[in-house]
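Hello,

Here is the structure I promised to pass on. My notes follow below it.

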Amino acid sequence: SYCSYVRRVSFPRAETVQSSSLCQHVIMSVTIGFLGMGIMGTEMARRLKNNGYAVTVWNRTTANIDDALGCPIGASAAEVVSTCDVTFAMLSTPDAARAVADDVVKGIKQEGSKCRGYVDFSTVDAHTSKEIGDAVTQAGTRFLESPVSGSKKPAIDGQLINLCAGDKTLFDELHDGPLSIVGKRSFFLGDQVGLGAKMKLAVNATMGGMMALFAENMKLVENAGLSKTDMLEVLSLGAMNNPMFTLKGPSMAAGGPYPPAFPLKHQQKDMRLALELSDELGGSLPVVKAANEVFVEAMKMSPDVGDMDFSAVMKIYNP
């Protein structure tokens with residue numbers, strides 16, 4: 001079995017949980033599957049493994065799995081799901097999340113499947129999340145959406161923010177275990193799947209707008225004959241001081257490089273999805289719309305810009 005090495009863990013019983021399959025008074029063995037070994041998924045799986053969990057991984061492109069991760073690799077998503085107690089996923093797009101979910105359903109339905117829950121960390125639209133959740137629950141297990149706020153460094157440090165919705169019992173069982181290992185805080189936003197997705201899109205649309213404005217005004221400072229480094233220090237001393245400006249600002253001021261912690265193409269995707277959500281709700285996001293157009297233009301500059309960090313939107317102003 002890919003899950004032959006197990007950690008003895010106790011999932012503390014939440015006061016609101018009367019009974020559950022994973023949350024017991026006794027010490028039990030819990031095996032974890034992780035689907036999607038991109039920038040985020042790799043670091044999240046690594047944290048779970050380094051904290052003693054038996055983690056089996058799978059990626060659509062096996063060659064892209066980091067050898068140093070040291071986790072057994074499942075032959076398919078379905079195999080991972082069927083042989084592990086709970087499986088997490090971190091996929092890049094709604095299409096990827098739906099495609100993998102089809103195999104997840106197969107794994108849930110396999111005879112003798114161990115799967116007791118599926119948690120999707122992917123950033124997708126609410127319709128996609130609900131579609132996946134319905135398929136998973138109809139196949140016979142519990143579903144929790146948990147898109148995360150944070151990029152590579154918070155993933156490495158276990159400082160992500162989990163934005164959860166769906167099955168409350170599954171949330172309670174995982175809260176003090178796997179969710180607390182990958183994140184510094186986990187919010188349960190409600191039992192309606194899609195609420196997590198909507199919160200994540202609002203957060204990421206805000207982030208994209210901030211980054212576009214940040215880059216634009218760094219260029220303004222340069223055009224005015226001022227120092228971009230001085231601008232960064234001024235910002236750091238006032239109310240607008242924030243980790244994103246501190247982390248991204250120096251490389252933007254220097255004109256790069258832009259190693260991807262959160263790829264620009266994914267930031268643009270999230271703003272597009274936020275705009276679509278706003279349209280559905282009858283609202284208007286003129287600032288997000290303008291920022292989205294800046295990111296779209298940045299991706300047109302060269303084929304590789306979309307794979308750079310989202311701070312590479314600065315290339316619009318300093319090619």
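In helix α11, the buried residues are Leu264, His266, Gln267, Gln268, Lys269, Asp270, Met271, Leu273, Ala274, Leu275, Leu277 and Ser278. Please keep in mind that this is a predicted model. With 12 of its 17 residues buried, α11 is largely enclosed by the rest of the structure. Those buried residues pack against α3 (94–109), α8 (195–223) and α12 (286–299). The length of α11 (residues 264–280) agrees with expectation: at 1.5 Å a residue it should span 24 Å, and its end C-alpha atoms are 25 Å apart. After α11 comes Gly282, with a positive phi near 80°.

On the aromatic side, there are seven aromatic pairs. One of them, Phe34 with Phe121, is stacked, at 6.1 Å centre to centre and 25° between the planes. Phe34 belongs to strand β2 (residues 28–35) and Phe121 to the loop between β5 (117–120) and α4 (126–139), so this pair ties together parts 87 residues apart in sequence. Phe34 is buried at 0% relative accessibility, and Phe121 is buried at 1%. Tyr118 and Phe143 make a tilted pair, because their ring centres are 6.2 Å apart and their planes stand at 35°. Tyr118 sits in strand β5 and Phe143 in strand β6 (residues 143–145), so that pair links parts 25 residues apart in sequence. Phe34, Phe88 and Phe121 form one aromatic cluster. Separately, Lys168 lies over the face of Phe188, 5.6 Å from the ring centre.

As for cysteines, the structure holds zero disulfides. Cys71 is buried, with a relative accessible area of 13%, and Cys84 is buried at 0%.

Regards

Notes
Residues are numbered from 1 along each chain as its sequence is written. This is a predicted model: local features need pLDDT of at least 70, side-chain atom pairs count only at pLDDT 80 or more; totals for chains, interfaces and linings use all residues. Side-chain values use heavy atoms; hydrogens and water are left out. Helices (H or I, at least four residues) and strands (E, at least two) are DSSP runs, numbered from the N terminus. The expected span of a helix is 1.5 Å times one less than its number of residues. Buried means under 20% relative accessible area, exposed over 50%, partly exposed in between (1.4 Å probe, protein chains only). Contact means heavy atoms within 4.5 Å. A disulfide is a pair of cysteine sulfur atoms within 2.5 Å. Rings of Phe, Tyr and Trp (its six-membered ring) pair if their centres lie within 6.5 Å; planes under 30 degrees apart count as stacked, over 60 as edge-to-face and the rest as tilted. A charge sits over a ring if NZ of Lys or CZ of Arg is within 6 Å of the ring centre and within 35 degrees of the ring normal.
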